[in-house]
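Subject: Structure for you to look at

Hi there,

Here is the structure I promised to pass on.

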Amino acid sequence: MKEVDELDQLNRKSFIVADSQPERVLQFGEGNFLRAFVDWQFDKMNKQAGWDTGVVIVQPQPSGMVEKLNEQDGVYTVILEGIKDGQAMKEHTVVECVTRGLNPYGADFAEYEALSQKPELRFVVSNTTEAGIAYVPEDRLEDRPQKSFPGKLAALLYKRFQFFRGDQSKGLVIIPCELIDRNGDALKEIVLRYADQWGLGVEFTAWLKEANTFCNSLVDRIVPGYPKDRIHEIQAELGYKDNLAVVGEQYHLWVIEGPQWLKKELPTHLAGLNVLIVDDMTPYRTRKVRILNGAHTALTPVAYLYGLDTVGQAVEHEVIGAFIQSLIREEIIPTLGSPEAELNLYADDVIERFRNPFVNHYVMSIALNSVSKFKTRNLPSLLQYVKRHKTLPAKIVFSLSSLLVFYRGDRNGEPIALADEAEVLSAFGKLWSGYDGTLAGAKHLTKQVLGKQIWWGEDLNQIEGLAEQTAQHVYALTSRGMKETLEILTGKSVPRV
Ligand SMILES: NC(=O)c1ccc[n+]([C@@H]2O[C@H](COP(=O)([O-])OP(=O)(O)OC[C@H]3O[C@@H](n4cnc5c(N)ncnc54)[C@H](O)[C@@H]3O)[C@@H](O)[C@H]2O)c1
Ligand SMILES: O=P(O)(O)OC[C@@H](O)[C@@H](O)[C@H](O)[C@H](O)CO
């Protein structure tokens, strides 16, 4: 057997892969998730349903991975590991549908702009994180390129409109995958705003609305990404080097809110994919964001400060596992309004997916931008719980308190690699540097944080008892540490507070 160093690099020359297909998909974003979810599905449709579609990937930011992607001629391996139909399954696929990657910030700009003139182009997909679907007032039509993703899309669509002289048949189907509520509506609204701001005319606005279809969508697959811990082992198994290998779980679900005629254009059913084209995706989104993402975000600071590193370790742990289960079952599910039995079954599946014994899903990768994630994923459950039960949800409040302590940036003397908006990090930095370790100090810090309306959308000090309970936890966590505090609170230890 060859040593890892002697293995060939995966690319179209060294491996027999399908010919390039017509570029009918323009993808904004080259990240792990899109590659292991959307492109993996498009590849399956090509191979199993004769879809015959190539994907050209545009890097939405000046730095990124398209150079690496082009070094491999767009091909890479998706490794899926997990439980499928009750069986432990591991499989890998070389995804071949990506034709090339373009960086519009450099020499590729002309090639990027020329995409607007491709008659066969039909779909736009994107994932630019929750931060990407944003309005940047400074963006101009003549920028090369615009800073924001919606600005880039607006300019490209305008080029297309001009080139094809408003031909209705050249409109596109646009399916964003960012995890924000009603992502398609949000994207369309900003594109229309640029059309207005740049004075592109009523005919273009009418073409935007009538010839193009913006769909809301909800994506679900846990994608831990590049397997840095075991890349040598994986490359030895695969028999080649792949700098873009990406690991994901077996489970996938893509809910697209859009017209039923899309089913004809996207033959997902012929490729055995779990894609639903529906009139209203709200119930799917609420359930997923509040249970799956809510549990991820709630468990992250608690588990990490406890000394655990992965989601799997957290759900398997006697204390942390029980904490997460009861947070989901007793504090999230009762706030969702759908039949609880159904939601509990969904939660069973989620916990099973978290347990995935093959995948190391690091809680630190979930911790990125935890403040805004808590706001979207957990605050609605907290508020709804208070409204319904006239009391605070103890576990969610404990998780919020742990989040505050997490942003102190210290785990048992080791620095925590905090990653969030500069403003969030600087505010926490100032507050923690002034903390004197007393209960009064914890109350002051908590009051300041809960009062940040810009973070939470409202002043959380107004919720009866929340500041007091949070401050008590913050004080306990900073004086006793996570382990002792949680064990006392959950009754797993003798002394009780
Ligand atoms: N990894 C998962 O398990 C998973 C599952 C479902 C959904 N998601 C969603 O996908 C997003 C991306 O995850 P990933 O694992 O692919 O991450 P990644 O770091 O591999 O890729 C991030 C991508 O977003 C782009 N980006 C980042 N900030 C941007 C900005 N401000 N404007 C424009 N583009 C920006 C980057 O250029 C890159 O293309 C997450 O934020 C999450 O909402 C991830
Ligand atoms: O990807 P993020 O950072 O927005 O959130 C972390 C996880 O909650 C998320 O990636 C889930 O694993 C995913 O949403 C499952 O579909």
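Beyond its neighbours within four places in sequence, valine 246 is in contact with Asn32, Arg35, Ala36, Tyr76, Val78, Val223, Gly225 and Tyr226 (contact: C-beta atoms, placed from the backbone, within 7 Å). Before going further, please note that this is a predicted model, where local features need pLDDT of at least 70, side-chain atom pairs count only at pLDDT 80 or more, and totals for chains, interfaces and linings use all residues. Residues are numbered from 1 along each chain as its sequence is written, while chains are lettered from A and ligands numbered from 1 in the order in which they are written.

Val246 is also one of the residues with the most contacts inside the largest nonpolar core, together with Phe37, Ala154, Leu157, Ile174, Ile175 and Val191. That core has 71 residues, and helix H5 (residues 149–163) gives the largest share of them, eight residues. Another core, of 57 residues, lies apart from it and includes Ile291, Leu382, Leu392 and Phe398. A core here is a set of buried Ala, Val, Leu, Ile, Met, Phe, Trp, Tyr and Cys residues joined through C-beta atoms within 7 Å. Buried means 20 or more other C-beta atoms within 10 Å of the residue's own, exposed means 12 or fewer, and partly exposed is in between, with C-beta atoms placed from the backbone. Helices (H or I, at least four residues) and strands (E, at least two) are DSSP runs numbered from the N terminus.

**Two domains**

The protein chain divides into domain 1 (4–251) and domain 2 (283–489), with bounds from an automatic or database domain assignment. Their centres, taken over C-alpha atoms, are 32 Å apart. Domain 1 puts 14 residues into the contact and domain 2 puts in 12 residues. On the domain 1 side, strand E3 (76–84) and strand E9 (216–220) each supply at least two residues, and the largest share, three residues, is from E3. By class, that side has six nonpolar, one polar and seven charged residues. For the classes, Ala, Val, Leu, Ile, Met, Phe, Trp, Tyr, Cys and Pro count as nonpolar, Asp, Glu, Lys and Arg as charged, and the others, Gly among them, as polar.

UniProt, in an unreviewed entry, lists "domain: Mannitol dehydrogenase N-terminal" for residues 24–266; over that stretch the chain is 33% helix and 23% strand. The unreviewed annotation "domain: Mannitol dehydrogenase C-terminal" covers residues 280–477, where the chain is 70% helix and 2% strand.

**The two ligands**

What surrounds ligand 1? Its shell has 21 residues, the closest being Gly31, Phe33, Thr128, Thr129 and Gly132 (near: C-beta atom, placed from the backbone, within 6 Å). By class, the shell around ligand 1 has eight nonpolar, 10 polar and three charged residues.

Ligand 2 is surrounded by Leu179, Asp220, Arg221, Ile222, Leu292, Asn293, His296, Ile366 and Leu368, which divide into five nonpolar, two polar and two charged. Each of domain 1 and domain 2 gives at least three residues to the shell around ligand 2, and helix H10 (residues 282–306) has the largest share, three residues.

**Lysine 241**

Lysine 241 sits in the loop between helix H8 (231–238) and strand E10 (246–248). It counts as partly exposed because it has 19 C-beta neighbours inside 10 Å. Not counting residues up to four places away in sequence, lysine 241 touches Leu7, Asp8, Gln9, Leu10 and Gln235.

Best wishes

Conventions: Contact = placed C-beta atoms within 7 Å. UniProt positions renumbered as here; feature names shortened; annotations may be inferred.
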